[in-house]
Amino acid sequence: MSEQEFPEPEVEVESIEPDQLKERIDRGEEVFLLDTRATEEFEEWHIDGPNVTVHNVPYFEFLLGDVDEAIFEGIPDDRDVTVLCAKGDSSEYVAGLLKERGYEVSHLARGMNGWAGLYEYHELDTDADATIAQYQRPSSGCLAYLVVSGDEAAVIDPLRAFADTYQQDARALGAELTDALDTHVHADHISGVRTVAEEFGATPTVPQPAAERGIEYDSDYETVENGDTIAVGETEIEVLHTPGHTSGMTSYRVNDVLFAGDGLFTESVARPDLEEGAEGAADAARELYDTLQNTILELPDDTIVAPGHFSDSAEAESGTYTARLGDLEARMNALGMTREEFVEFIQSDMPPRPSNYEEIIATNLGQRETTDEKAFELEQGPNNCAASQDALTSD
């Protein structure tokens with residue numbers, strides 16, 4: 001029986017919207033989730049947090065005519081339970097079974113697809129002569145940025161699934177999208193640079209070294225190199241080539257804000273094996289070390305590092321995943337290592353590569369056509385672009 005074939009529950013079941021669940025988690029409420037997806041899907045990615053307890057029982061175990069009572073042992077009957085699945089159908093059915101047994105229960109509307117559709121807007125507190133907003137995707141840890149100055153706006157590392165969002169927010173701030181920039185060829189999500197360009201007339205821009213990996217767009221695009229600037233309204237975006245994560249990795253800078261892409265995060269540094277694989281990881285790690293020491297750490301300590309991703313171990317400061325560069329240098333031991341110590345350390349504990357990363361890279365290079373629905377499916381799950389699953393920072 002597929003999820004679409006589930007019968008309607010015999011009792012009325014309340015649903016909770018993804019943003020409501022996220023608000024509960026952010027408030028620090030104790031949340032219990034019953035995830036009814038197959039174990040393989042659950043282990044690949046699930047909702048997590050310090051105040052979240054998640055329990056996995058695949059939905060098919062609730063389909064038996066005589067349900068095994070043992071499957072209810074891990075589900076508390078003295079607190080609210082939220083049931084979730086992939087799309088919201090089987091969770092409603094399972095929630096109905098629990099409600100019939102007296103549980104206080106709801107189900108997550110649209111399931112993990114709904115959770116993947118969450119996208120949050122937070123403005124940065126900076127000295128920049130522009131409004132800068134950070135977009136956060138809780139399901140994957142992807143971050144994108146909107147830079148608005150005067151009547152023009154640029155979006156950095158846009159996601160295809162949220163192209164409309166950037167245009168709507170730019171207009172709400174009295175601007176039109178003029179530029180869409182990628183920091184590199186992404187391996188964890190489908191880039192929205194071409195979509196933003198095609199639908200809203202923005203200029204699509206990629207780093208020249210990234211284009212050299214074999215971009216095959218069927219439309220024109222601009223390239224930028226180290227030292228270039230891009231005018232947006234009354235401000236300028238500076239271009240810094242910062243290779244290591246990939247050969248084309250490029251950071252952008254607006255006044256005191258460094259959009260570091262996947263080179264440096266607030267809790268870790270980049271992994272070096274997503275372009276040339278394990279064989280080229282050591283050379284890429286050496287290049288990353290040189291980038292960090294000779295380019296990024298040469299910037300003022302008050303530089304605000306605005307990364308391309310955040311992990312479960314990252315902590316938001318004033319609502320955004322950003323950090324002062326000086327603070328990161330003080331807290332992150334990896335930034336004080338010798339070159340060879342760094343290379344050995346970075347390769348020692350890398351997490352699994354992002355799911356479907358080869359298909360995603362091919363799509364972002366323009367070498368593969370992928371529908372919007374398939375793209376949304378490919379990019380679900382954690383980003384895994386950092387060198388470690390745990391934070392490299394200390395208090």
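Analyst: A charged patch joins like charges within 9 Å, taken from residues that have over 30% relative accessible area and no salt bridge. In this predicted model, Asp164, Glu198, Glu199, Asp218 and Glu369 form a negative surface patch. Glu369 sits in the loop between α11 (357-364) and α12 (372-378), and with a relative accessible area of 68% it is exposed.

Another member of the patch, Asp164, falls within helix α5 (residues 163-172), where Ala163, Tyr166, Gln167 and Ala170 are buried.

Other charged residues are paired, and the model holds 19 salt bridges. One of them joins Arg137 to Glu379, with the closest N and O atoms 3.0 Å apart. Arg137 belongs to strand β7 (residues 131-137) and Glu379 to the segment after α12, so this pair ties together parts that are 242 residues apart in sequence. Both Arg137 and Glu379 are buried.

Within helix α12, Lys374 and Glu377 are 3 residues apart, about one turn of the helix, and their side chains form a salt bridge at 3.6 Å, N to O. Lys374 is partly exposed at 32% relative accessible area, as is Glu377 at 49%.

Arg27 and Glu29 form a salt bridge at 2.6 Å, N to O; Arg27 is exposed, at 54%, whereas Glu29 is partly exposed, at 29%. Finally, a network of salt bridges links Lys22, Asp26 and Glu120.

Technical notes:
Residues are numbered from 1 along each chain as its sequence is written. This is a predicted model: local features need pLDDT of at least 70, side-chain atom pairs count only at pLDDT 80 or more; totals for chains, interfaces and linings use all residues. Side-chain values use heavy atoms; hydrogens and water are left out. Patches are made of residues with over 30% relative accessible area and no salt bridge: like charges are joined within 9 Å, nonpolar side chains (Val, Leu, Ile, Met, Phe, Trp, Tyr) within 5 Å. Accessible areas come from the Shrake-Rupley method with a 1.4 Å probe; for residues, only the protein chains shown count as cover. A salt bridge is a side-chain nitrogen of Lys or Arg within 4 Å of a carboxyl oxygen of Asp or Glu. Lys and Arg count as positive and Asp and Glu as negative; His and the chain ends are not counted. The place of a charge is taken as NZ of Lys, CZ of Arg, CG of Asp or CD of Glu. Helices (H or I, at least four residues) and strands (E, at least two) are DSSP runs, numbered from the N terminus. Buried means under 20% relative accessible area, exposed over 50%, partly exposed in between (1.4 Å probe, protein chains only).
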